[in-house]
Amino acid sequence: MNNILSKVKLPYLLLLPGFLFLFIFFILPIVNLAQTSTQTPIVGGDTGQYEQTLQFSNYIAAFTENREQFARSFIFALCATVLALAIAYPLAYAIAFKAGKLKNFLLVLVVAPFFVSFLLRTIAWKQILGEEGFVVPTLRNIGIIGQSTTLTSTSFAVVMGMTYNFLPFMTLPLYASLERIDPRTMEASGDLYANGITTFRKVTLPLSMPGVVAGTLLTFIPAAGDYVNAAILGSPNTKMIGNVIESRYFKIVDYPTAAALSFTLMAAILILVTVYIRKAGTEELV
Amino acid sequence: MNKQKDATIPTIPTKARLSRWFGRNLIRIYAVFGFTYLFIPVVYTFAFSFNDSGKSNLIWKGFTLDNWKNPCGAPEVCTALGNSIKIGLLATVFSTILGTMIAFAIGRYAFKGRSSSNLLIFLPMATPEIVLGASLLSLFLVFHINPGFWPTVIAHVMFCISFVVVTVKARIASLDPRLEQAAMDLYANELETFRRVTLPLVAPGIAGAALLAFSLSFDDFIITNFNSGTLKTFPEFVYTSAARGIPAQANVIGSAMFILALLIVIAGQFVGRKVKVSK
């Protein structure tokens, strides 16, 4: 009897410490963030002092003031995700089906750049694409870009930086789901007179959908909240919502607006993710 | 007609042969471009670690080994590195223990609330880092806890747990249940089975999860920036010195970490292969 009881309890005992930790340091902060988002400055108080007033109009003010940055965050993140998919899918496909003995080695190569601090790599891009790098003068000489055109401090650089930084997050899940495909399914499709394109469209792509969904999520979510790429590779004209939240917190000490923006961002992403997972029809993500 | 053409390949004009070669190898060519894109900044960082640059490492001024001989030569760089390593190790230990326990519970048992447990693990991964960092900072501020070393460790454990759970759970799911049944058939009790069969089989997954947790923690900037206060980690050092130009020593450390991590991964693969053979 005692044994049965402990068996029932065991999974909960295993969960307890980790979930307690997540409750205190993940759930509580989010709840607290929601509270902060409706606070207003204390009348006559110092900078950074706020009181709870349930001022929901904070959200409207925060959103209307930063509509542009919100839109930019989602557009940039979407572009980076699509580009990363376009680069990573053939890469993962080549590793899964064409690499032969080199498979494991190439897989390590995909993750390897990850180990050089991502800030160093982003700054490296800034210098490569910057005025002192070799790319800009070369492109100017060939005449692809005008004499006064720059590559850094542009939306292009920000999107390119994000695509680059999140590429392993896209490649690995894609590889994992492609590698699981039985090559005989593709052969069978060929035997049934499907050409390469049809085989890809009707067999390979549908079977790799879990990887596509996981990869696009793992790229889109961090990209939408990112501010490092925009800060290093962009300009004041390419500010994303992450930059706004960061400066509201640290420079302006406007916690309620920062909290309202954070909460809106999280809610928007969660809604998008839920709709996307429903549409893509993969529930086995987690 | 077609067959005849195939049989007489040498007579096909070079242009057609070239285009056929391209068609067949298109995906490989594409992969080469993909890898080039991935490695351009790595090569750049590595090359500029040998730059005789003086203070700002912007323009190539000549080859030197001085930066590698004296990696702590730039002010603050090694303090920051030390902080990152300490935080990374602590975060790895705690998140691996907590995450592995959760992974066993979810991967092994059917219990009430299993799907909501999965959701709780998924949520931190679906939340942008800036929200995680900012919300944790506001919690610390409410309780008048000053940002610094331990708040940063806590923050890192928090975002690493989910990744550990997902990695270890995948390993548990791939186990052959018959191995454990065999142990039980040979009169091992549950604890012995766990200790001598299950745990060794899951160990590579746990090791992989720990490696992942360390690299996530070591490389994290956004969440750290919110919770570290005046403490500086290596990524924070790079970020703040970017405006003045980063010292070449930062490139040395980045490159060294890259080489070290590659060695660990390669060693891990060798160990993995040996385990497979001895099985």
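How many residues does helix α3 of chain A have, and how far does the helix reach from its first C-alpha to its last?

Modeller: This is a predicted model, in which local features need pLDDT of at least 70 and side-chain atom pairs count only at pLDDT 80 or more, while totals for chains, interfaces and linings use all residues. Residues are numbered from 1 along each chain as its sequence is written, and chains are lettered from A and ligands numbered from 1 in the order in which they are written.

Helix α3 of chain A, residues 67-98, has 32 residues; helices here are DSSP runs of H or I with at least four residues, numbered from the N terminus. From first C-alpha to last, α3(A) reaches 46 Å, close to the expected 46 Å, where the expected span is 1.5 Å times one less than the number of residues. At A:A88, α3(A) bends by about 25°, the bend being the angle between axes fitted to the seven residues ending there and the seven starting there. Just after α3(A), A:G100 takes a positive phi of about 60°.

In total, 66 residues of chain A are in contact with 66 residues of chain B, contact requiring C-beta atoms, placed from the backbone, to lie within 7 Å. On the side of chain B that touches chain A, α2(B) gives the most, with 14 residues.

Terms used:
Helix = DSSP H or I, 4+ residues; strand = E, 2+ residues; numbered from the N terminus. Contact = placed C-beta atoms within 7 Å.
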